[in-house]
Structure formats: C-alpha cells, structure tokens
Amino acid sequence: MSTAVISGGTDGIGRALADVYLRRGHEVVVIGRSRAKGDAFVAAGGDRAHFLPVDLRRVGEVRRLVDHLAERFPAIDALVLGARFCSSRRVVTPDGFESNFALFYLSRFLLSHGLAPSLGRAADPVVLNFGGAGAPNAVRWDDLQLAHGYHGVRAMGHAARLNDLLAVSFSALHAELGVRYVLNHPGVVVTSFAGEYDAVTAAQVEQLKVTGKSVATSVAQILPYLDAGEDRVTAVHEGVRRPLDPAHFDPADAMRLHTITEGLLARAPR
Ligand SMILES: NC(=O)c1ccc[n+]([C@@H]2O[C@H](COP(=O)([O-])OP(=O)(O)OC[C@H]3O[C@@H](n4cnc5c(N)ncnc54)[C@H](OP(=O)(O)O)[C@@H]3O)[C@@H](O)[C@H]2O)c1
C-alpha cells in the first residue's frame, strides 16, 4: 500500500492533499499541533488516516518523528512539507532558533533528509515542498535567522528561498534514490493562514482571504506535478512550471547552506 506523509496536513492545502491521497487508497499521516483537527481527520478518514501531534519547531520532536515514521512506514511515496506559522513578532524557540526558520526550513530539512531512505524504497517517490519556487528573495548569508530587520512575512519569504536551495542539495546528495522534488509557490490561497499577526498584517490577511483562490484550485494546480515528472527538481508557480534559473538554484549555494544547516543542527539539544 502507498503512503503519504504531510506536515501541515491538519489544515489548508496540506489537509486537502491528505484527503486526495486518502481517496486514492493511501495510508495518510498528517502532522500538526491541533488535536481537534487531527482527530477530525482520523474520524473522517478511517483506518488509513493517521495523526501525529508534533511541534515541528522543536528539533528533538522532529528527529523523534523521523525515527517513528521510518520504522512504521518502510516506504514513503509522497512527503508533503506544508507546515507554516507566521509570527509578526520574532520568537526564539527553546532550541535557540528563530521559530519560523525552525518550522519552515529546519523541520523540512530534517524530514527530507531523514526520510530519504524510506522515499527511496517507493516506486515513484515525490517530495512536495512549498518553497519559493524561484521567487527572487536574496539569501541573507550573514543573518539566516533574521536577527536584524525581522518581519514575519519577510521571514517566510526568506525561508521559502532556503527551501529552494534545500531541493537542490537534497537532489544532489540523494541522486541514486530517484526522488522527485517539487517546489510549489501556490500564490494566494484561502486557508487558515496560521499565525499570530500584528494589526496591520492581520488586516492584510483578511484581505487575502477575500481575494485568494480556493484550496481546491490550488490542489488541482499542483497535483499533475506530483503524479508524474521526469526531472529531479521541478519549480511550479500557481500551476505553471518555472525554468530553474542557475543563479537562483546554484548548487554551490545549496551545498553551502547544507553545510551551515548541519552545523546548526549539530549544536541543537538532542
Ligand atoms: N495560503 C497561501 O496563500 C499561501 C501562499 C504562499 C505559500 N503558501 C504555503 O503553502 C503551505 C501550506 O499553507 P496553508 O496556507 O495551506 O496552511 P495553513 O492553513 O496556514 O495551515 C498551517 C498548517 O501548519 C501546521 N502548523 C503550524 N505550526 C505548526 C507547528 N509548530 N508544528 C506542526 N505543525 C504546525 C498547522 O497545524 P495545526 O493547526 O494542527 O497546528 C496547519 O496544519 C505553507 O508552506 C505556506 O507557506 C501558502
């Protein structure tokens, strides 16, 4: 039986993808923090629906999650990396990481690499990461966790940029596994927009909830790229495939970031 693992699968686009994979007969594991949402997914989905409550900002919790998933599901066909939480205020986790960096980038790094062997055992494995998909954000090499000039929305854009580089290094480091890595920028989609917002950003979010596209439309735009593809890395913006700009998806930058990330994680509490 096929398996899909979805971080941020309790809400928004992740939840909709979880429902798609359930309808297709997969075992589906959703990861989030809300027991109410997770239990609702399991109640609606039946025996093949699973919920794992994990705070993905915490490195130790993510590591335990990876170990659990690797043991429980020897082959993983689809890994969707969709958890996000936008904070207008800069928050540092007990591990010492800026919280958006921890959730939006580090957890995706750990899940991608940690589950690579399980993905490699599937017939046509795919990772979907909601990165920037080529959106032109500069990497702030001297301040990856935005200690200076932090802004919640900018922090998400910056982490999305880091995930674009994660796709490149993942594909280089696990080339033999045949995993397709799809980067998706969905555009504005009406979801829960999980976050804690200041008044200005909250008003902007309310506006986005009026103008954005539906979750169903967003899922329809990305599903064809999950279901088939030839390339190791694919970037998709609102359903349209984007060429991989060599300067943006630079392998040297990707490996530089990979090395820095390993160094940061090595110092995180076990
Ligand atoms: N919606 C848009 O307009 C838009 C635009 C551009 C990019 N994207 C990207 O698309 C992806 C999906 O976004 P969305 O808008 O569909 O999501 P969403 O509705 O905001 O839901 C966020 C998800 O993240 C989970 N989450 C938040 N904090 C968490 C934590 N600390 N640990 C574990 N899980 C946590 C939530 O789970 P719980 O509630 O269970 O905690 C929820 O399932 C994200 O990567 C987002 O950046 C979305």
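**Around the ligand**

Guide: A nitrogen atom of the ligand sits 3.3 Å from a polar backbone atom of Val-54. That is a polar contact, a pair of N or O atoms within 3.5 Å. Keep in mind that this is a predicted model, where local features need pLDDT of at least 70, side-chain atom pairs count only at pLDDT 80 or more, and totals for chains, interfaces and linings use all residues. Residues are numbered from 1 along each chain as its sequence is written, and side-chain values use heavy atoms, with hydrogens and water left out.

Visitor: Which residue has a polar side-chain atom 2.9 Å from an oxygen atom of the ligand?
Guide: Arg-84 does. An oxygen atom of the ligand is also 3.4 Å from a polar backbone atom of Gly-187.

Visitor: How much of the ligand does the protein bury?
Guide: Taken alone, the ligand exposes 900 Å², and the protein buries 93% of that (Shrake-Rupley areas with a 1.4 Å probe).

Visitor: Which residues come nearest to the ligand?
Guide: Of the 30 residues around the ligand, the nearest are Thr-10, Lys-37, Val-189, Thr-191 and Ser-192. To be near, a residue needs a heavy atom within 4 Å. By class, the shell has 14 nonpolar, 9 polar and 7 charged residues (Ala, Val, Leu, Ile, Met, Phe, Trp, Tyr, Cys and Pro are nonpolar, Asp, Glu, Lys and Arg charged, the others, Gly among them, polar).

**A pocket**

Visitor: How do I read empty space?
Guide: Rolling a probe the size of a water molecule over the atoms shows where empty space is left. On a 1 Å grid over the protein atoms alone, a pocket is an open set of points where a 1.4 Å probe fits, with protein on both sides within 12 Å along at least five of seven lines; lining residues have an atom within 4 Å of a point. The second largest pocket has a volume of about 150 Å³, the space filled by probe spheres set on the points. Its lining has 4 nonpolar, 2 polar and 5 charged residues, including Arg-24, Asp-77 and Arg-180.

Terms used: A polar contact is a pair of N or O atoms within 3.5 Å; within protein, one must be able to donate a hydrogen and the other to accept it, and residues adjacent in sequence count only if both atoms are side-chain atoms.
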